[in-house]
Structure formats: C-alpha cells, structure tokens
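Thanks for making the time this morning.

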Amino acid sequence: MMTVTEIVILIFILIGIILVFIAALGTLKFPDVYARMSATSKAATLGVAAIIFAAGIYFHTNISIMTRAGAVIAFLFMTAPVSAHMLARAAYAGGVKLSKKYKVVDELEGRYDKVTHTPSGAQEGPGIETVSLPRDRRA
Amino acid sequence: MSLETIIFVLVLPILSLSAVLALLRLMKGPSLPDRVVALDLMITTGMGISTCYAIATDQPAFIDVAIVLALISFLGTVAFAYYFDKVGEVG
C-alpha cells in the first residue's frame with residue numbers, strides 16, 4: 001500500500017518519463033535538426049526537471065538534498081535555452097538547411113553573414129542595432 | 001506495489017528505451033549538429049535514470065551524479081557549438 005506522498009512522487013515521475021520518451025521519439029522522427037533541437041531542449045528538459053522535483057519530494061526530510069534538487073532544476077532551466085540557441089546558430093551558419101517537408105520560407109536565406117553572425121541588410125533598416133564583430137575572428 | 005518496484009519495472013525501462021532511440025539518431029544523424037543533439041538527449045536521459053535510481057535505492061548521492069551530468073552536458077554542447085563556428089561548413 002502506498003502513502004499519499006509516494007503517489008505524488010509517482011505522478012511526477014510518470015509525467016517526467018512520458019515527456020522524456022516523447023522527446024526521444026521526436027529526436028528520432030522529426031525531419032530537421034532545428035525541429036529535433038526543439039524536442040530535446042523543451043520536452044526533455046521539462047521531463048527531467050519533473051523527475052528531479054519528484055526526488056526533491058522524496059528526500060523532503062533532508063533540507064540539503066532538497067536544496068540540491070532545486071539547484072539542479074534551476075541550472076537546467078538556465079542552461080538548456082542557451083545551449084540550444086548556440087547550437088542552432090552554429091548549425092545555421094554551418095549551412096544546415098531547413099527541411100522541405102515544412103511549408104516554411106527561410107527569410108534569412110542569402111542575407112546572413114555567416115562569419116560575423118549578423119544579417120547583412122540590417123544597417124539599412126530603421127532602428128536595428130547590430131553588434132559588429134571583427135572580420136578575422138575565424139583566422 | 002511499492003515505489004521501488006514500479007521504478008525498476010516501468011520507469012527505468014522506458015528511460016532506457018528513450019536512450020536507445022537517441023542512440024539510433026546518434027548513429028543515423030545526417031549532419032554533425034544532429035549527432036550533438038542526440039548526445040545531449042542521451043545525457044539528459046542519463047540524468048533522469050540517475051535520479052530515479054536515487055529514489056529507488058534511497059541513496060541521495062546519485063543526485064550529485066545528476067548535477068555533474070548537467071554540467072558536462074552544457075559545457076560539451078557549448079564546446080561543440082564553438083567548434084562548428086570555427087570549422088565553417090558542417091551541413
């Protein structure tokens with residue numbers, strides 16, 4: 001027989017594994033590196049955060065372990081968007097195309113400076129500030 | 001049914017299956033960023049496995065393993081992104 005605390009823990013773990021499994025399926029079946037990245041960085045991060053939250057409830061008698069679990073969740077939520085954005089930018093600059101399956105127009109096509117990571121038509125637009133990096137950064 | 005039994009019978013197999021699906025993408029992946037995404041998902045699944053094992057065995061030390069895996073995953077992805085930036089064409 002399970003107590004109420006164990007049932008709450010089990011519910012959070014089940015939410016977590018369902019989200020992680022959906023993320024794994026999306027990583028396998030999506031046609032595009034950018035779509036796969038959305039599955040990994042959103043669904044899998046939320047699923048693992050739910051599992052770690054369940055662990056925080058399970059160890060609720062020990063404050064230090066609860067704090068550690070909360071710190072892991074905060075770290076995950078801070079780093080997952082940053083790493084996904086860096087990887088997507090590097091993939092776009094490296095020439096990975098969008099999938100033809102989606103009816104999406106790549107509006108940056110031909111207007112993106114792949115060395116300095118700035119849109120090349122940005123200087124003419126009103127009010128768009130661009131950060132200019134040195135040209136010879138790649139060396 | 002206790003919590004340990006459910007974790008060992010249901011939760012850990014599903015997480016392992018997710019890691020295997022990510023491994024298939026890691027082997028197939030047409031471009032290099034695909035493989036990095038799959039590796040990231042595998043490490044994230046490993047964090048989930050480690051935390052579930054901490055609950056099942058009542059050993060809170062496995063949560064520290066999840067912390068270290070999160071750090072390694074983030075630093076590895078950032079390092080791969082810098083590498084793609086330096087190397088140019090990766091498609």
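If we take the contacts in chain A between residues at least 6 apart in sequence, 51% of them join residues at least 24 apart. Please keep in mind throughout that this is a predicted model, so every value I quote is computed from predicted coordinates. Chain A has 139 residues, and buried residues make up 42% of them.

Let me stay for a moment with helix 2 of chain A, which covers residues 33-58 and so has 26 residues. From its first C-alpha to its last this helix reaches 37 Å, which is close to the 38 Å expected at 1.5 Å a residue. Helix 2 of chain A is also mostly covered, in that 21 of its 26 residues are buried.

Now to the interface. Here 46 residues of chain A are in contact with 50 residues of chain B, and the two chains bury about 4300 Å² between them, with 77% of that on carbon and sulfur atoms. On the chain A side, the residues that lose the most area to chain B are A:Leu28, A:Tyr58 and A:Leu87, which together account for 13% of what that side buries.

At least two lining residues each come from helix 2 and helix 3 of chain A and from helix 2 and helix 3 of chain B, while the largest share, six residues, is supplied by helix 3 of chain A. Sorted by class, the lining has nine nonpolar, eight polar and one charged residues.

B:Leu23 is found in helix 1 of that chain, residues 3-28, and B:Leu23 counts as partly exposed because its relative accessible area is 33%, where buried would require under 20% and exposed over 50%. B:Leu23 and B:Arg35 are 12 residues apart in sequence, and their C-alpha atoms are 9.0 Å apart in space.

How values were computed
Residues numbered from 1 in each chain as written. Chains lettered and ligands numbered in written order. Predicted model: local features only at pLDDT ≥ 70, side-chain atom pairs only at ≥ 80, totals over all residues. Heavy atoms only, no water. Helix = DSSP H or I, 4+ residues; strand = E, 2+ residues; numbered from the N terminus. Expected span 1.5 Å × (residues − 1). Buried < 20%, exposed > 50% of the residue type's maximum accessible area, 1.4 Å probe, protein only. Nonpolar A, V, L, I, M, F, W, Y, C, P; charged D, E, K, R; others polar. Contact = heavy atoms within 4.5 Å. Buried area = accessible area lost by both parts, 1.4 Å probe.
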